[in-house]
Amino acid sequence: MLEIRPNCELCDVDLPANAVNARICTYECTFCADCADGILCNVCPNCGGGLAPRPIRPAKAYRPGLGLMHHPASTKRVMSPHDRAAIDDIVRAVKDIAPQDR
């Protein structure tokens with residue numbers, strides 16, 4: 001199940017569980033749409049993979065034991081361990097390669 005991180009790992013903007021502007025990679029690295037599209041060019045600076053809209057976990061339990069009430073979003077804020085120069089390097093290296101070909 002997704003961790004649902006509470007913030008963009010680049011600019012630290014809040015991304016609540018129902019944020020439609022949250023983007024994730026296959027490792028659940030989390031970024032806001034502004035950073036994902038503008039700065040990162042659809043490149044995860046941690047793994048080099050693509051970024052996709054993060055699914056929204058329903059707040060209500062439509063099935064027993066499911067939903068945010070039973071599986072809440074994380075409250076632990078995460079920041080990318082890479083500095084801006086390293087981020088720019090990986091973005092430059094792979095941004096012109098389609099995510100499915102990386």
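User: Buried means under 20% relative accessible area, and exposed means over 50%. In this predicted model, which residues on the other side of α2 are exposed?

Analyst: The buried residues of α2 are I87, V91 and V94. Viewed down the helix axis, the buried residues of α2 fall within an arc of 85 degrees, so they line one face of the helix. The exposed residues, on the other side of α2, are R92 and A93.

User: Against which element do the buried residues of α2 pack?

Analyst: The residues concerned are I87, V91 and V94, which are buried in α2. The element against which the buried residues of α2 pack is α1.

User: Which element supplies the largest share of the largest nonpolar core?

Analyst: This core has 17 residues, and C8, L15, F31, L40, C44 and L51 have the most contacts inside it. At least two residues come from each of β2 (30–32), α1 (33–39) and α2 (84–94). The largest share is three residues, and the element supplying it is α2.

User: Which strands lie at the edges of the sheet?

Analyst: The sheet is open and antiparallel, with its three strands in the order β2-β1-β3. Strand β1 (residues 22–24) is joined to β2 by three bridges. The strands that pair on one side only, and hence the edge strands, are β2 and β3.

User: Which residue of β2 is the bridge partner of R23?

Analyst: Strands β1 and β2 run antiparallel. Beyond its neighbours within four places in sequence, L51 is in contact with residues including R23, I24, F31 and L40. In β2, the bridge partner of R23 is F31.

User: In what order do the elements of the chain run from the N terminus on?

Analyst: The secondary structure consists of two helices and three strands. Read from the N terminus on, these elements run β-β-α-β-α.

User: Of the contacts between residues at least 6 apart in sequence, what percentage join residues at least 24 apart?

Analyst: The chain has 102 residues, of which 35% are buried. The C-alpha atoms fill a box of roughly 45 × 25 × 20 Å along the principal axes. Among contacts between residues at least 6 apart in sequence, the share joining residues at least 24 apart is 58%.

Note on methods. Residues are numbered from 1 along each chain as its sequence is written. This is a predicted model: local features need pLDDT of at least 70, side-chain atom pairs count only at pLDDT 80 or more; totals for chains, interfaces and linings use all residues. Side-chain values use heavy atoms; hydrogens and water are left out. A nonpolar core is a set of buried Ala, Val, Leu, Ile, Met, Phe, Trp, Tyr and Cys residues joined through side-chain atoms within 4.5 Å. Buried means under 20% relative accessible area, exposed over 50%, partly exposed in between (1.4 Å probe, protein chains only). Helices (H or I, at least four residues) and strands (E, at least two) are DSSP runs, numbered from the N terminus. Contact means heavy atoms within 4.5 Å. Two strands pair if DSSP finds at least two bridges between them. The arc is that of the directions from the helix axis to the C-beta atoms.
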